[in-house]
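Visitor: I have this one open in the viewer now. Can we go through a few spots?

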Amino acid sequence: MRGEEGNSAEENLETKEGTPSSEDERYIHKVSVPPKQKLFQEIKSGVKETFFPDDPLRSFKDQTNRRKFILGIRAVFPILEWGRDYNISKFRGDVIAGLTIASLCIPQDIGYAKLANLPPEYGLYSSFVPPLIYALMGSSRDIAIGPVAVVSLLLGAMLQAEIDSATNAEEYRRLIFTATFFAGITQATLGVLRLGFLIDFLSHAAIVGFMGGAAITIALQQLKGFLGIKNFTKKTDIISVMQSVFGTMQHGWNWQTIVIAATFLCFLLFAKFTGKRNKKLFWVPAIAPLISVVLSTLLVYLTRADKQGVAIVKHIKKGINPPSVKELYFSGQYLLKGLKIGVVAGMVALTEAVAIGRTFAAMKDYQIDGNKEMVAMGVMNVVSSMTSCYVATGSFSRSAVNYMAGCQTAVSNIVMSLVVVLTLAFITPLFKYTPNAILSAIIINAVINLVDLHAAKLIWKIDKFDFVACMGAFLGVIFFSVEMGLLIAVSISFAKILLQVTRPRTALLGKIPRTTVYRNIHQYPEATKVPGVLIVRVDSAIYFSNSNYIKERILRWLVDEEELTKESYQNKIQFLIVEMSPVTDIDTSGIHALEELNGSLKKREIQVKTA
């Protein structure tokens, strides 16, 4: 009896669910047509939401002209805003952080200048002026500014293809300053025009692959200094590098150089491991490169290993940055080349800097304005190009050390810059006997962290197409060139966007037993189809680019369902319900496609309903 009562209760429940009562019908709401906007208002609203989603002028409302002027100055120079609350406690933290990152940046800068095929002093120049400009205009408290490995390699590879740095050093230097100028113009323009969203078109997966490939390429380039090879290929692909390395194995390698490089690389890796193991010892990996430079320089000087074939830095020009305004190319054959290289380098540098800034801002729970950051980076690189610097940006390794050292504001960049200028003014002659091998070891140690295997594994688990983008960029950099890898990364990112826009996801829905809930039958195997009814969900806006695909996909599903019903002798499909709650927008092409679908199904005596 109890079982029969249970069955009858379920039947009654199903009947109630299947046929809405008169009380339910009274609460059915119609979707009203939104109020019409004037054309100008509609365009204004769209432009505002696209380019000014953060409403940057909000703080200027209902303010006097004098107050608006002050707010405008503070917006351009954030240091005037946070500087009002600056105190001795913050200064203490910034000084410690600045001194710590200075000890890291000096040996790195010398090595990165070599990556860009420049004399070593230009790396130090680029850690003097750019950090000062950024401290005035930047909004990140933690980012540390200077030359970075990836951008240095990118500039070196692209510029070397235009001018040989060995035979035409002056023209090469002028072209790199011109490229830096246009990199700054590109960055500032993106910020002023509120086009920061363009850098988001390079997907995270593509960036992971590109950075990993660039890191390996940089490490392979360091084999010249690590092994003491004199005649080394100028190409960056792995095949050319390996041929150059093994082709000189018998007579081109220098065992003293290898011993120095391998010993100090092990020391640097151990210091890095110690810092990761104990967060309180963050200063150990930060100061390890400078210790390595000092010890290796003393070793070479005392043993005169340079007489045994160990290559040394020899000469670093003493003094601060000379002006370079007159060296920029504003006409002639190199103008367009400098523009092209500058745009590419500027975009890569910007992507890295914004990613670093957002990462540390999230860790300290504060906001940075991406467009302000672009303007700050742009102005910084324009000024840099006029003061003998090349493209500078945020360095992840230095920024991490800056954060761990307890930096409070951008004053840590000013402290680092002052240490660098003192080094340029007084200490550079002491680097004469610094072996190139130690610079190679420092760079290899610095770029190892750019190979993010954990991120690659996560990308593989989550999205296979993203993994294709990641590996495409990675293999493109390694087997072809840095530019080709970047091109592949951008191309695959755009291909994914186009694929998602033109081929949106759609799903067949079924009813979850004993509920009124309908879900994707592929994700919920227990969901059952309603006899005679086909329920399809569209998971995207319907535009001209995908309307025909959606129509044809629904028709193909209908054909498949009709074949299944014939084989299983089930009821013929009489209703098509298109679930459109995920559809956020539909244009005239989408409406026309649905009208065509409705007309086609009427001929088959199938009713169409949308939900």
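Visitor: Where does Gln108 lie?
Guide: This is a predicted model. In it, Gln108 is part of helix α6, which covers residues 88-115.

Visitor: Buried or exposed, that Gln108?
Guide: Gln108 is buried: its relative accessible area is 3%, and the cut-off for buried is under 20%.

Visitor: What is Gln108 in contact with, leaving aside neighbours within four places in sequence?
Guide: Its contacts are Ser397, Arg398, Ile442 and Ala446.

Visitor: Next, Ile316. Where does that lie?
Guide: Ile316 sits in the loop that runs between α15 (283-303) and α16 (334-364).

Visitor: And is Ile316 buried or exposed?
Guide: Buried, with a relative accessible area of 4%.

Visitor: Which residues is Ile316 in contact with?
Guide: Apart from neighbours within four places in sequence, Ile316 contacts Ile110, Pro120, Glu121, Leu124, Thr428 and Phe431. With Glu121, the separation is 195 residues in sequence, while the C-alpha to C-alpha distance is 5.7 Å.

Visitor: Change of topic: helices. At what angle do α22 and α23 pack?
Guide: About 165 degrees, and the axes of α22 (residues 464-479) and α23 (residues 482-502) are 6 Å apart. That angle makes α22 roughly antiparallel to α23, since angles over 145 degrees count as such.

Visitor: Is the crossing of α22 and α23 left-handed or right-handed?
Guide: Right-handed.

Visitor: Which residues of α22 and α23 meet?
Guide: On the α22 side they are Phe465, Asp466, Val468, Ala469, Gly472, Ala473, Gly476 and Val477. From α23 come Val482, Met484, Gly485, Ile488, Ala489, Ile492, Lys496 and Leu499.

Visitor: How many residues of that contact between α22 and α23 are nonpolar, polar or charged?
Guide: The contact has 11 nonpolar residues, three polar and two charged.

Visitor: On to the sheet. What is the order of its five strands?
Guide: The order is β4-β3-β5-β6-β7, in an open sheet with mixed pairing. The edges are β4 (518-520) and β7 (607-610); each has a single partner strand, so one side of each has no neighbour in the sheet. From one strand to the next, the twist averages 30 degrees.

Visitor: How many bridges join β5 to β6?
Guide: Five, with β5 (residues 533-538) and β6 (residues 575-579) running parallel.

Visitor: Which strands does helix α24 lie across?
Guide: Helix α24 (residues 547-568) lies across β3 (506-511), β5 and β6. The helix runs at about 150 degrees to β5.

Technical notes
Residues are numbered from 1 along each chain as its sequence is written. This is a predicted model: local features need pLDDT of at least 70, side-chain atom pairs count only at pLDDT 80 or more; totals for chains, interfaces and linings use all residues. Side-chain values use heavy atoms; hydrogens and water are left out. Axes are lines fitted to C-alpha atoms, for helices over the stretch in contact, and angles run from 0 to 180 degrees between N-to-C directions. Helices (H or I, at least four residues) and strands (E, at least two) are DSSP runs, numbered from the N terminus. Angles under 35 degrees count as roughly parallel, over 145 as roughly antiparallel, 65 to 115 as roughly perpendicular and the rest as oblique. A crossing is left-handed if the near helix is turned anticlockwise from the far one by less than a right angle, and right-handed if clockwise. Contact means heavy atoms within 4.5 Å. Ala, Val, Leu, Ile, Met, Phe, Trp, Tyr, Cys and Pro count as nonpolar, Asp, Glu, Lys and Arg as charged, and the others, Gly among them, as polar. Buried means under 20% relative accessible area, exposed over 50%, partly exposed in between (1.4 Å probe, protein chains only). Two strands pair if DSSP finds at least two bridges between them.
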